[in-house]
Amino acid sequence: MSLQSALERLATYRANNTRASQDIFRNGLLVLQKSGFKKLGDDAWISLEQLALASIDVGRLDIADQCLQLIADNFPNSPRVDCLIGIRMEATEPPETALKYYADILEADSANVAIWKRRISVLRRTGKVEKALNELVQFVDTFYTDVEGWLELADIYASCNQYDHSFQALSHVLLLTPQNPFYVLQAAETAYTSEDFPLAIKMFLTVVDMTDADDSEQLLQESTPLGITVRAWFGVKLCARRIAQNANLKSSSNTSAPKNLGLLDELAAERLRVAYSSSGQKGEIAKGRQEVFAWVATPLA
Amino acid sequence: MIEKLFLTLATLALLHAAYSTYEHLSLLKALGKPEGSLPLDIVYESILALILGLLGASLNAPPLKDITWASEMKKRTIDGMDSRLGFAHYKSRGKFLFASPHDGKI
């Protein structure tokens, strides 16, 4: 594994916001040992930050302290460094110490986004969910465009089984990032869990539209659904089944049920069969293919 | 491979044409007729260098990327989209799971 490939992997993880701490730690340690960070120039500091956070996650606090020292030496009074110090404190000290540290910083500057987020995270982690919820609601009121805040709100509500509130939070996320099919999928599944099947089936079909709409001349019959499209087709089939079972169901968002439910069901079944029939890597058959075929073949209602 | 060859040839040809022009002009100055015209083969060499350079630069360009959102989203994962790194918990079981087995203390 060369220095160049390690740096590229770190950059990809940064761009995609993934939290693959073990892999980041492995690659980052290689770069650190070969003193590759100096070559990056300005990018060196965000890479060091990434390595520091991954080391804290993996439990190697010695490397984390090393990186933090390098960063703190270079940026003396930075609020971002304060946040990193706070995270390091969270890993070893009791939560009250970390909360007091954050409270001090927020007193000086009450609009510090990163510190506020850390405070809410510590409150949630230590079980004070209601307090975390109140603070988070205040946070998203103040910073409306922060997608992470709305997603965290949706997650907290979903963990407390309040799926309607979770859906409302997700609808704000959809307003802020309308091009993202992943959040539409999350909203569709939340709607399904709160038993609003007509809305759920509409959103699942929106996900299919967003991810599978091909501009090329390739016919729908010839393209294989991949990735979250398969998950969306599963959702369509589940919703169609529930709508068919329950003739007079009321949707809490007053969405009307789709007209050609039987046709939708058939289409979803066919798409799932295609998805599980294509041979994957090395020509192997997809796992669970028989179960999927059997389930998909059961009639509606 | 061939693109880099084209680019190298084009650069060398251009440098050679430039040096030839300099030599020709110093020759004209020495002979006392500074308004003489440039010999045609130097002109042809420069035009050849231009064509070769264009070909080499176009072929040497990095592969084209898609511009649609859908194609970008195909490369992402749910874990990446839902990571919420600002709110991440850093006191996790990672310390115990990934500690080296020879550490001795758990």
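Colleague: How many salt bridges does the rule find across the interface of chain A and chain B?

Modeller: This is a predicted model, and side-chain atom pairs count only at pLDDT 80 or more. Across the interface of chain A and chain B, the number of salt bridges found by the rule is two.

Colleague: Which helix of chain A gives the largest share of the side that touches chain B?

Modeller: The largest share of that side of chain A amounts to six residues. They come from residues 113–125, which form helix α7 of chain A.

Colleague: How do the residues on the side of chain A that touches chain B divide into nonpolar, polar and charged?

Modeller: In contact across the interface are 40 residues of chain A and 23 residues of chain B. On the chain A side, the residues divide into 12 charged, 12 polar and 16 nonpolar.

Colleague: What area do chain A and chain B bury between them?

Modeller: The size of an interface is often given as the accessible area lost when the parts come together. Here 57% of the buried area is on carbon and sulfur atoms. Between them, chain A and chain B bury about 3000 Å².

Colleague: Which residue of chain B meets the side chain of A:E152 in a salt bridge?

Modeller: Side chains of opposite charge can pair when their charged atoms come close. For A:E152 the N to O distance in the pair is 2.7 Å, and the partner is B:R84.

Colleague: Is B:R84 buried or exposed?

Modeller: B:R84 sits in the loop between α4 (78–81) and α5 (94–97) of chain B. Leaving aside neighbours within four places in sequence, B:R84 is in contact with A:R124, A:E148, A:L151, A:E152 and A:D155. The relative accessible area of B:R84 is 13%, and buried means under 20%, so B:R84 is buried.

Colleague: Which residues do salt bridges that share partners join into one network?

Modeller: The pair of A:E152 and B:R84 is a salt bridge. Through shared partners, salt bridges make one network of A:R124, A:E152, A:D155, B:D82 and B:R84.

Colleague: How many residues apart in sequence are the parts tied together by A:R88 and A:D65?

Modeller: The side chains of A:R88 and A:D65 form a salt bridge, 2.7 Å from N to O. A:R88 belongs to helix α5 (residues 79–92) of chain A and A:D65 to helix α4 (residues 61–74) of chain A, so the pair ties together parts whose separation in sequence is 23 residues.

Colleague: Which parts of chain A does the pair of A:R125 and A:E90 tie together?

Modeller: A:R125 and A:E90 form a salt bridge, with the closest N and O atoms 3.8 Å apart. Because A:R125 lies in helix α7 and A:E90 in helix α5, the pair ties together parts 35 residues apart in sequence: helix α7 and helix α5 of chain A.

Colleague: Is A:E90 buried or exposed?

Modeller: A:R125 is partly exposed, at a relative accessible area of 23%. For A:E90 the relative accessible area is 1%, and A:E90 is buried.

Colleague: What is the N to O distance between B:E72 and B:R76?

Modeller: B:E72 is partly exposed, with a relative accessible area of 27%. B:R76 counts as partly exposed too, at 24%. Their side chains meet in a salt bridge with an N to O distance of 3.1 Å.

Colleague: Which annotation covers residues 79–192 of chain A?

Modeller: In the model, this span is 82% helix and 0% strand, and its end C-alpha atoms lie 41 Å apart. The unreviewed UniProt entry annotates residues 79–192 of chain A as "domain: EMC2 TPR-like".

Notes: Residues are numbered from 1 along each chain as its sequence is written. Chains are lettered from A and ligands numbered from 1 in the order in which they are written. This is a predicted model: local features need pLDDT of at least 70, side-chain atom pairs count only at pLDDT 80 or more; totals for chains, interfaces and linings use all residues. Side-chain values use heavy atoms; hydrogens and water are left out. Contact means heavy atoms within 4.5 Å. Buried area is the accessible area (1.4 Å probe) that two parts lose on being put together, summed over both. A salt bridge is a side-chain nitrogen of Lys or Arg within 4 Å of a carboxyl oxygen of Asp or Glu. Helices (H or I, at least four residues) and strands (E, at least two) are DSSP runs, numbered from the N terminus. Ala, Val, Leu, Ile, Met, Phe, Trp, Tyr, Cys and Pro count as nonpolar, Asp, Glu, Lys and Arg as charged, and the others, Gly among them, as polar. UniProt positions are given in the numbering used here, feature names are shortened, and annotations may be inferred rather than shown by experiment. Buried means under 20% relative accessible area, exposed over 50%, partly exposed in between (1.4 Å probe, protein chains only).
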